[in-house]
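Welcome! Take a look at the structure below, and keep it open while you read this short briefing.

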Amino acid sequence: YNPLPNHLHVPLTLAAAKAGKHVLCEKPIAITAKEAKLLLKAPRNVLIQEAFMVRHNPQWIEIRKLIAKGTIGRVQSVHMMFSYHLVDPKNVRNLADIGGGGLLDIGCYPVTLARFIYGAEPLRVTGTFDRDPKFKTDRLMSGLADFGKARHLSFIISTQGAPYQKTVIMGEVGTIEVEVPVNASPDHPNCFTVNVTGKKPKLVEMPVTDQYQLQAEDFGKAIRKKTKAPYDVADAIKNMHILDAFFRSEKSGKWEVVKQG
């Protein structure tokens, strides 16, 4: 497991892979898509996966099933707010030269979850950033991604805001509101509310579970070839292309096309 600061994700993961070790690497898998592509040089018999634990959480798996069943109609929008307050100048999240900042640290979550929900890749993105004058990191960022076919992702993240997180998925006939979309507690039920027009809101409580444990178990099963690894380096590169496009948008002030492949 590679939990190191962002600038050490690729070099240490690649070194471990070349030594014959399977690697579950903390998100984001790299600082740029170009850097992430270096992992394609890893031995073919070694499994490398980006550690987005939310994709292994039963609450998100159940939400995706409900959407596939048409419970809230065709999904039009995924919206997330995610913030925490951290002003320690020595914390790795506040060190710009090693990949600190909000988009790489937590902005990757709404991007990943929108891809998970839509089962698609965004065509273009745009974002607005505010950077800390001392740290030079993006401390406040708002993003919009166009997935085509009238499907949007919008999100606001902050590294110097009040601790808060929530996700709302809007469909044509209803919404799903997720109380704790990312840092779900391993000690309490994960809950979300389904609101369908004309019906009483339904609170769904999922069984108590540890999403990190489930992620590790799924990774282990894939290593033992009991299941196929659902998320590989190619998937991680796709995520990085989206984050790259947001950073390009910061500089251009325009919509940026998401590179594919």
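Let us start with P28, which sits in the loop between β1 (23-26) and α2 (33-36). Here, helices (H or I, at least four residues) and strands (E, at least two) are DSSP runs, numbered from the N terminus. This is a predicted model, where local features need pLDDT of at least 70 and side-chain atom pairs count only at pLDDT 80 or more, while totals for chains, interfaces and linings use all residues. Residues are numbered from 1 along each chain as its sequence is written, and side-chain values use heavy atoms, with hydrogens and water left out.

- Most residues other than glycine have a negative phi, and most peptide bonds are trans.
- The peptide bond from K27 to P28, however, is cis, with omega near -15°.
- K149 is not a glycine, yet its phi is positive, at about 55°. You will find K149 in the loop between β5 (138-146) and β6 (152-158).
- A150 is found in the loop between β5 and β6, and its phi is near 60°, a positive value in a residue other than glycine.
- Are these residues buried or exposed? The scale used is relative accessible area: buried means under 20%, exposed over 50%, and partly exposed in between (1.4 Å probe, protein chains only). K149 is exposed, with a relative accessible area of 72%, and A150 counts as partly exposed at 48%.

**Two helices in contact**

- Helix α3 (residues 58-68) packs with helix α4 (residues 102-118) at an angle of about 40°, and their axes are 9 Å apart. The axes are lines fitted to C-alpha atoms, for helices over the stretch in contact, and the angles run from 0 to 180 degrees between N-to-C directions.
- What does that angle make the pair? α3 and α4 are therefore oblique to each other: angles under 35 degrees count as roughly parallel, over 145 as roughly antiparallel, 65 to 115 as roughly perpendicular, and the rest as oblique.
- On the α3 side, the contact (heavy atoms within 4.5 Å) is made by W60, I61, I63, R64 and I67, and on the α4 side by L113, F116 and I117.
- Sorted by class, this contact has seven nonpolar residues, no polar ones and one charged residue. Ala, Val, Leu, Ile, Met, Phe, Trp, Tyr, Cys and Pro count as nonpolar, Asp, Glu, Lys and Arg as charged, and the others, Gly among them, as polar.

**Nonpolar cores**

- A nonpolar core is a set of buried Ala, Val, Leu, Ile, Met, Phe, Trp, Tyr and Cys residues joined through side-chain atoms within 4.5 Å.
- The largest core has 66 residues, and I169 and F246 have the most contacts inside it. Its largest share, eleven residues, comes from α4.
- A second, separate core has five residues, including L24, A51, F219 and A222.
- Leaving out residues up to four places away in sequence, F246 touches L103, V111 and V125, among others.

**Cysteines without a bond**

- A disulfide is a covalent bond between the sulfur atoms of two cysteines. How many disulfides does the structure hold? The structure holds zero, counting a disulfide as a pair of cysteine sulfur atoms within 2.5 Å.

Contacts listed here do not count residues up to four places away in sequence.

- M240 lies in helix α6 (residues 233-252) and is buried at 1% relative accessibility. Among the residues that M240 touches are P28, I29 and L104.
- T167 is found in strand β7 (residues 160-171) and is buried, with a relative accessible area of 1%. T167 touches several residues, including W60, V78 and P181.
- S83 lies in strand β3 (residues 75-85) and counts as buried at 15% relative accessibility. S83 touches I106, S158, G161, A162, P163 and Y164.
- T209 is found in the loop between β10 (202-205) and α5 (211-223) and is buried, at 14% relative accessible area. T209 touches N57, P58, S185, P186, N190 and L214.
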